Amino acid sequence: PVLKAAIAAASEPKDTWNQLLMACYAEAGQYAEAVKEAEALATKNPADKKAQINLASMYMQADQMDQAAAVMDKLRASGQLTEEREYKQLYSIYANTDNKERDVIAVINEGISKGILKPDYQTYLALAQAYYYSEQIPQAIEAWQKAAPLSKDGETYLNLARVLWQEDRIPEAKVAARAALDKGLKKPDDAKKIIALP
């Protein structure tokens with residue numbers, strides 16, 4: 001209330017004051033108010049990338065993923081996404097929205113091809129899952145094959161082994177299951193069952 005009153009009383013309130021107010025609302029869990037402040041700042045400064053990204057973040061915190069995606073995708077379409085965290089934010093929004101797997105794939109592949117997204121474990125894992133849930137199994141396997149060696153444990157290799165087994169690629173599934181055991185698993189029996197397949 002004090003900050004809101006100070007902004008209202010100022011003859012020329014600064015945008016940073018409104019950003020602080022927006023952050024206070026978000027911190028207090030008052031996401032509807034935080035979104036209103038973010039929308040006002042973004043409307044006032046349509047060319048300000050930071051204001052637009054803050055708006056997308058507020059939409060995400062308010063669980064309004066479609067609106068967050070629209071803001072970020074507009075920035076992407078105009079070539080304003082230039083940092084890794086921005087691409088990660090956009091593909092995370094799509095990953096948390098129903099039936100947006102193809103958008104996750106497009107954003108990740110674009111980010112990697114532009115050299116903005118690092119081809120790291122998280123990126124390949126998100127790509128593998130998006131391919132898998134959009135029923136593009138060969139591409140999912142390829143992405144898991146890239147993610148698994150970068151994983152801290154053998155769980156990703158085990159997922160790869162399961163998918164290879166489902167696809168009746170038993171020799172490859174056994175190799176992946178052995179790699180999973182080598183890297184360490186919480187439940188090694190799952191990998192051992194795949195290795196024991198005829």
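How many helices and strands does the protein chain have, and what can be said about helix H4?

Guide: This is a predicted model, in which local features need pLDDT of at least 70 and side-chain atom pairs count only at pLDDT 80 or more, whereas totals for chains, interfaces and linings use all residues. Residues are numbered from 1 along each chain as its sequence is written, and side-chain values use heavy atoms, with hydrogens and water left out.

The protein chain has 12 helices and 0 strands, where helices (H or I, at least four residues) and strands (E, at least two) are DSSP runs numbered from the N terminus. Of its 198 residues, 42% count as buried, a term that means under 20% relative accessible area, with exposed meaning over 50% and partly exposed in between (1.4 Å probe, protein chains only).

Helix H4 covers residues 49–61, and its 13 residues reach 18 Å from the first C-alpha to the last, close to the 18 Å expected at 1.5 Å a residue; the expected span is 1.5 Å times one less than the number of residues. Within the helix, the buried residues are Ala 51, Gln 52, Ile 53, Asn 54, Leu 55, Ala 56, Met 58 and Tyr 59. Just after H4, Asp 63 takes a positive phi of about 60°.
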